Amino acid sequence: MNSLTRLILFNRPVVRKVLHTSYRGHVYQQDQRSGYPVVYDRPPKKDNSNFLQKAMKGYSQLKEELALFKKETNDIIAGPDLFQQPDEIDIVWDFNGNQKSLDPWLTVSDKDYKQGYSTCKLELSPDGRAVFSGILDCRVPKTGKIHNAGYCAIKTATFRKSFKREGRLNWQSYNHLVMRIRGDGRIYMINIGNKGHFDIFWNDLYNYVLCTRGGPYWQFVKIPFSKFFLSSHGRVQDTQQPIDLTNISSFGIIASDRAPGPFKLEIDYIGLVYDPYEWEEFAYETYDLHDILF
């Protein structure tokens with residue numbers, strides 16, 4: 001039984017390893033938002049334990065970091081998987097009823113920045129699936145600082161390697177993003193972070209619209225990476241270029257369709273697949289407008 005037949009029969013893909021690339025980390029972390037409140041980073045918890053308890057905890061954490069460093073070294077020695085199986089889904093995030101499956105995810109809304117009144121949450125359903133739900137409120141606070149409001153989002157926390165170094169995901173062996181979802185008929189937006197090393201690229205996002213059907217049935221979504229378009233600071237860029245799949249810094253889903261009211265999106269899994277019959281490299285024009293006009 002091949003992988004495609006197995007996926008159709010059981011509707012559950014196989015879990016395989018997703019490659020990670022090394023990324024140079026620093027002890028000193030720059031303020032990448034220039035003083036703007038960062039709600040995507042979890043605040044540190046106050047530790048009231050004594051010196052001996054702290055020492056034991058530090059020793060335990062050191063063992064975990066060394067084990068993770070050993071695993072990273074073995075992965076580098078083994079090298080990337082050059083023979084990707086066609087049509088076989090590799091799960092990146094699987095919400096299988098385990099509460100720990102929600103740990104890599106963070107929620108944010110305009111209310112967290114005091115720029116609106118929307119609220120949201122991410123929790124497990126009785127069936128063990130992730131449920132992103134909340135209330136979208138498009139009322140604009142009367143502060144005179146903003147003109148639009150009404151958004152809620154989930155986003156992955158910063159990827160960390162051993163010794164708290166910042167990491168990246170490497171998806172270059174795949175050409176499609178796949179998801180099994182059950183929506184409410186609303187339109188959502190998928191955001192893939194492609195943050196570069198220089199500050200001018202820190203806000204680069206690749207976006208694609210996620211349309212949900214609504215109703216009681218699950219929906220299988222398969223999106224080519226060639227369809228994702230580049231934006232920065234929420235604005236679609238005139239100069240487009242393909243997404244760098246070796247430098248995935250974040251993944252998120254945002255609800256901001258300008259329709260006030262409750263929303264609900266259930267997610268079974270998020271994965272990747274290689275389709276050998278997909279030949280498109282990039283769906284949008286890559287010419288330079290300056291060269292055409294001048």
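Arg165 is partly exposed, with a relative accessible area of 25%, in this predicted model; the classes used here are buried for under 20% relative accessible area, exposed for over 50% and partly exposed in between (1.4 Å probe, protein chains only). Arg165 forms a salt bridge with Glu72, with the closest N and O atoms 2.7 Å apart; a salt bridge is defined as a side-chain nitrogen of Lys or Arg within 4 Å of a carboxyl oxygen of Asp or Glu. The pair links distant parts of the chain, 93 residues apart: Arg165 lies in the loop between β6 and β7, and Glu72 in helix α2 (residues 51-78). Glu72 counts as buried because its relative accessible area is 15%. Helices (H or I, at least four residues) and strands (E, at least two) are DSSP runs numbered from the N terminus.

By the same rule, the count comes to twelve salt bridges. Arg129 pairs with Asp268 at 3.2 Å between the closest N and O atoms. Lys227 is partly exposed, with a relative accessible area of 27%, and Glu280 is partly exposed at 33%.

Residues are numbered from 1 along each chain as its sequence is written, and side-chain values use heavy atoms, with hydrogens and water left out. Local features need pLDDT of at least 70 and side-chain atom pairs count only at pLDDT 80 or more, whereas totals for chains, interfaces and linings use all residues.

The protein chain has three helices and 15 strands, and 41% of its 294 residues count as buried. The chain averages a pLDDT (the predictor's confidence in each residue, from 0 to 100) of 82, and 80% of the residues score at least 70. pLDDT stays under 50 over residues 1-10, for which the model has 14 contacts (heavy atoms within 4.5 Å) beyond four places in sequence. Residues 14-28 also stay under 50, with 38 contacts beyond four places in sequence.

The largest nonpolar core contains 39 residues, of which Trp171, Ile192, Phe225 and Phe251 touch the most other members; such a core is a set of buried Ala, Val, Leu, Ile, Met, Phe, Trp, Tyr and Cys residues joined through side-chain atoms within 4.5 Å. Strand β15 (residues 261-273) gives the most to this core, with five residues. His233 has a positive phi of about 55 degrees and is found in the loop between β12 (229-232) and β13 (235-236); with 57% relative accessibility, His233 counts as exposed. Phi of Arg258 is near 65 degrees, and Arg258 is found in the loop between β14 (250-255) and β15.
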